[in-house]
Amino acid sequence: MQRSKDSHRGFEENLEAILFREGDPHREEKRQVLKVFLEIEEHCIIRDIALKLGQQGLAIPDKLIADAMETLCRYGVARKREFEDRDPLYEHLHPGSHHDHLVCIQCGRIMEFAHHELERLLSDPSSSAHPR
């Protein structure tokens, strides 16, 4: 689900302030991870981010990228998704929007979808579609 790249405008400066306040010694590397992550519109794994950083001439260890992604999750920029038998996937978190995932059990492809009527039915406890 593609969304405007402007949805996290200004977060880079906020992240810098947060990391400075926390005394994080890897502020610059985490800022670079944020920048690359925001350029990737689809789900990504740590290795995808590392490859894109490498294409830009940056060598940031996977462990530091994972730590940066945990920070982004903690502050509401990213969401970590764990699907069976896969590396954790990260996606942009867009407050106020919701979608679900279908995972093909043959090829592993992940498809995002949003179905507002289904969401409405599942959120209504009096609905016959609500699990009991």
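Modeller: Helices (H or I, at least four residues) and strands (E, at least two) are DSSP runs, numbered from the N terminus. This is a predicted model, in which local features need pLDDT of at least 70, side-chain atom pairs count only at pLDDT 80 or more, and totals for chains, interfaces and linings use all residues. Residues are numbered from 1 along each chain as its sequence is written, and side-chain values use heavy atoms, without hydrogens and water.

Colleague: In what order do the elements of the protein run from the N terminus on?

Modeller: The protein has five helices and four strands. Listed from the N terminus, the order is α-α-α-α-β-β-β-β-α.

Colleague: Are helices H1 and H2 roughly parallel or roughly antiparallel?

Modeller: The axes of H1 (residues 11–21) and H2 (residues 27–39) come within 10 Å and cross at roughly 150 degrees; axes are lines fitted to C-alpha atoms, for helices over the stretch in contact, with angles from 0 to 180 degrees between N-to-C directions. Angles over 145 degrees count as roughly antiparallel. Therefore H1 is, relative to H2, roughly antiparallel.

Colleague: How many residues of the contact of H1 with H2 are charged?

Modeller: Contact means heavy atoms within 4.5 Å. H1 contributes Phe 11, Glu 12, Leu 15, Glu 16, Leu 19 and Phe 20, while H2 contributes Arg 27, Lys 30, Arg 31 and Leu 34. With Asp, Glu, Lys and Arg counted as charged, the contact has five nonpolar residues, no polar ones, and charged residues numbering five.

Colleague: What percentage of the residues in the protein is buried?

Modeller: Buried means under 20% relative accessible area (1.4 Å probe, protein chains only). Of the 132 residues in the protein, the buried ones make up 33%.

Conventions
Buried < 20%, exposed > 50% of the residue type's maximum accessible area, 1.4 Å probe, protein only. Parallel < 35°, antiparallel > 145°, perpendicular 65-115°, else oblique.
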